[in-house]
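Here is a friendly briefing on one protein model. Please keep the sequence and the structure in view as you read.

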Amino acid sequence: MLGTIVNVAAVLAGGAAGLLLRRAFPPRITGAAFQAIGLFTLFLGVAMALRTSSYIVLVFSALIGGIAGELLRLEDRIERVADRFKSRLHIGADRFAEGLVTAFLLFCMGSMTILGAIEEGLGGRPDLLLTKSLMDGFSAAALAAAMGVGVLFSALPLLVYQGGITLAAAAFGRLVADPVVGELTAMGGLVLLGMGLNILGVTKIRVMNLLPGLLVAAVLAAIFL
């Protein structure tokens, strides 16, 4: 769990620095940072999605996962939880839920999250997660400058998600085949593509409703690849 703990600390430190920068710079500067994050997210999403070894698996993962997420109203539920959390802590941030969700997806959908957590869970050195921590720290600073304090609170789901993968890998990681990791990464790339378009204001995709597609991708890859 060392890699995940360092990762969480980096997000908190970077997010705190971003909040300080937000007060120091005018809106046009934070707006430029916001656009840069959107473009980077699009690039990362494309790079990850292209790692698929089966476009059919990827399409059906997105299709079935998106329908399941919509039926479950996953995005609405998550936003309500985030808003309730904000109210209880008396946080007056208009973009709290957006910042939390955007940061969580950016920090957790990449292949480095899955591969790094599995690597550490199998007893290896957490080098991949430590590298990811450095990247996430800078990303958290830029996100917090653009979206506010919600970015800092993404550290909690990051700890649960990434730490959970590490613990699961310690118990079952050797059973996870490379094609499964590849399709999980590709589906995560589609999620990031949608988020990048949202950040840039091109459209409004309910990206949280696509998250069940990760499970679908893992199951389809395990069966057919």
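Predicted model: local features only at pLDDT ≥ 70, side-chain atom pairs only at ≥ 80, totals over all residues.

Residues are numbered from 1 along each chain as its sequence is written, and side-chain values use heavy atoms, with hydrogens and water left out.

**Confidence**

- The protein has a mean pLDDT of 87, and 96% of its residues reach 70 or more; pLDDT is the predictor's confidence in each residue, from 0 to 100.
- Helix H3 (residues 55-72) has the highest confidence, at a mean of 95, while helix H4 (residues 74-88) has the lowest, at 80.

**Overall build**

- You will find 11 helices and zero strands in this protein; helices (H or I, at least four residues) and strands (E, at least two) are DSSP runs, numbered from the N terminus.
- The radius of gyration is 17 Å, close to the 17 Å that the globule rule gives for 225 residues, so the protein is as compact as a globular protein of that length.
- That radius is taken over C-alpha atoms, and the globule rule is 2.2 Å times the number of residues to the power 0.38.
- Along the principal axes, the C-alpha atoms fill a box of roughly 50 × 40 × 35 Å.

**H3 with H11**

- H3 packs against helix H11 (residues 212-224) at an angle of about 140°, and their axes are 7 Å apart.
- Axes are lines fitted to C-alpha atoms, for helices over the stretch in contact, and angles run from 0 to 180 degrees between N-to-C directions.
- The two helices, H3 and H11, are therefore oblique to each other; angles under 35 degrees count as roughly parallel, over 145 as roughly antiparallel, 65 to 115 as roughly perpendicular and the rest as oblique.
- Residues making this contact (heavy atoms within 4.5 Å) include Phe60 and Ile64 of H3 and Val216 and Leu220 of H11.
- The contact of H3 with H11 has nine nonpolar, four polar and no charged residues.
- Here Ala, Val, Leu, Ile, Met, Phe, Trp, Tyr, Cys and Pro count as nonpolar, Asp, Glu, Lys and Arg as charged, and the others, Gly among them, as polar.

**H3 with H10**

- H3 also packs with helix H10 (residues 178-199), at an angle of about 55° and with axes 10 Å apart.
- H3 and H10 are therefore oblique to each other.
- Val57, Leu58, Ser61 and Ala62 of H3 meet Glu183, Ala186, Met187 and Leu190 of H10.
- Six nonpolar residues, one polar and one charged make up the contact of H3 with H10.

**H1 with H7**

- Helix H1 (residues 2-24) and helix H7 (residues 127-147) have axes 7 Å apart and pack at an angle of about 25°.
- H1 and H7 are therefore roughly parallel to each other.
- Among the residues that meet are Gly14, Gly15 and Gly18 in H1 and Ala140, Ala141 and Ala144 in H7.
- The contact of H1 with H7 holds 12 nonpolar, eight polar and three charged residues.
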